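Dear colleague,

I am handing over the structure below, together with an account of what was found in it. Please read the notes alongside the coordinates.

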Amino acid sequence: MFNRRHFVISAFALSLLASGAAQADQLADIKKKGVIVFGVLGTDEPNSFIEPKTRQLVGYEIDLATAVAKKLGVKPVFKQMAVSARIPELQQGHVDVLAATLTHNKERESQVDFALTHFVTGSKVMVRAVSGIKGLDQLAGKKVVTVRGGTQETNIRKAVPTAGVVTFENTQQAFQALRQGKGVAYVNDESSLLADYGKLGPAAKGFTILPTSIGNESIAMGLRKGEKSLKAVVDQTLRELEASGAAEQLFNKWYGPGTRANIAKRQFKIATDKI
């Protein structure tokens, strides 16, 4: 028998369906507005950072995001955010896509959807040379600095449970803390760590990057759950960049020989959203 209670439940169910339909129209909304908002870090050279001369955001992920916007025929807008704020900002609808050095892992798959992996790296540790540290085991009981809310924090806590981990809002602050002697070691993605090391110039002799990796990271753009149409366009853009050779050119521009990261050769291709 149909009664008022059934009516209320049915109305509630319909409202949920309507909400889901509205969310699924994110791609249409972006095209209607003519703007796509990317959440970026802006402090993680060479992925996204502010170029000192122009004061504009530039970097590997900025170029990839710009390519996605061009594919959609809309204007890219970049919103800087902290590492720990990335997923909440996306879920709350403050940004459309994350292009913010976001590691794709199983834990995050319940929170966001991921585009194709556009970078593969690993977490490593830079230490002050005067510390005499040669291996991860020597970090036990020592103060280690890293970024709050990133996978690097999780990786170092697992690798060296007794290390005293001190976190900062972004990589610039964490790197500066190491240089100021506020910790004996600094953990970051290897690619960004190499870029940081390249900034040291003659002072680089005072620091060493330990050879052991403490985690492999698949970096990808993040999207709100269920936005299949938008994900399809992002993935298609990345596939086209890979097929044309533009993806490798962008890698070499920001990470290749002669850059601060100075990575000799790209060891991955943009091909999958699986980990």
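**Aromatic contacts**

Tyr60 is buried, with a relative accessible area of 0%. Please keep in mind throughout that this is a predicted model. Phe119 also counts as buried, at 3% relative accessibility, and the cut-off that matters for both residues is a relative accessible area under 20%.

The structure holds 10 aromatic pairs. One of them is formed by Tyr60 and Phe119, whose ring centres lie 5.9 Å apart with 70° between the planes, an edge-to-face arrangement. Because Tyr60 belongs to helix 3 (residues 60-72) and Phe119 to strand 7 (residues 113-128), this pair ties together parts that are 59 residues apart in sequence.

Phe119 has a further ring partner in Tyr255: the centres are 4.4 Å apart and the planes stand at 35°, so the pair is tilted. This pair, too, links distant parts of the chain, since Phe119 sits in strand 7 whereas Tyr255 is found in the segment after helix 9 (246-254), 136 residues away. Tyr255 is buried, its relative accessible area being 0%.

Which residues make up the aromatic cluster that includes Phe119? Tyr60, Phe119, Phe251, Tyr255 and Phe268 form one such cluster. Phe268 has a charged neighbour as well, for Arg266 lies over the face of its ring, at 5.4 Å from the ring centre.

The largest pocket has a volume of about 270 Å³. It is lined by 14 residues, and those closest to its centre are Asn105, Glu107, Thr151, Thr154 and Asn155. By class, the lining of the largest pocket comprises 10 polar and 4 charged residues, with no nonpolar residue.

The second largest pocket holds about 210 Å³ of space. Its lining consists of 15 residues, of which Val120, Thr121, Glu190, Ile263 and Gln267 lie nearest the centre. Here the elements that give two or more residues are strand 7 and helix 7 (190-199).

Finally, 3 strands form an open sheet in the order 2-3-4, with antiparallel pairing. Strand 2 (43-44) and strand 4 (57-58) are at the edges, and because each has a single partner strand, one side of each is left without a neighbour in the sheet. Strand 2 is joined to strand 3 (residues 48-50) by 2 bridges, and these two strands run antiparallel. Within this part of the sheet, Thr43 stands opposite Phe49 of strand 3.

With kind regards

Methods. Residues are numbered from 1 along each chain as its sequence is written. This is a predicted model: local features need pLDDT of at least 70, side-chain atom pairs count only at pLDDT 80 or more; totals for chains, interfaces and linings use all residues. Side-chain values use heavy atoms; hydrogens and water are left out. Two strands pair if DSSP finds at least two bridges between them. Helices (H or I, at least four residues) and strands (E, at least two) are DSSP runs, numbered from the N terminus. Rings of Phe, Tyr and Trp (its six-membered ring) pair if their centres lie within 6.5 Å; planes under 30 degrees apart count as stacked, over 60 as edge-to-face and the rest as tilted. Buried means under 20% relative accessible area, exposed over 50%, partly exposed in between (1.4 Å probe, protein chains only). A charge sits over a ring if NZ of Lys or CZ of Arg is within 6 Å of the ring centre and within 35 degrees of the ring normal. On a 1 Å grid over the protein atoms alone, a cavity is a set of points where a 1.4 Å probe fits but cannot get out, and a pocket is an open set with protein on both sides within 12 Å along at least five of seven lines; lining residues have an atom within 4 Å of a point. Grid points are joined across faces, edges and corners, and a volume is the space filled by probe spheres set on the points. Ala, Val, Leu, Ile, Met, Phe, Trp, Tyr, Cys and Pro count as nonpolar, Asp, Glu, Lys and Arg as charged, and the others, Gly among them, as polar.
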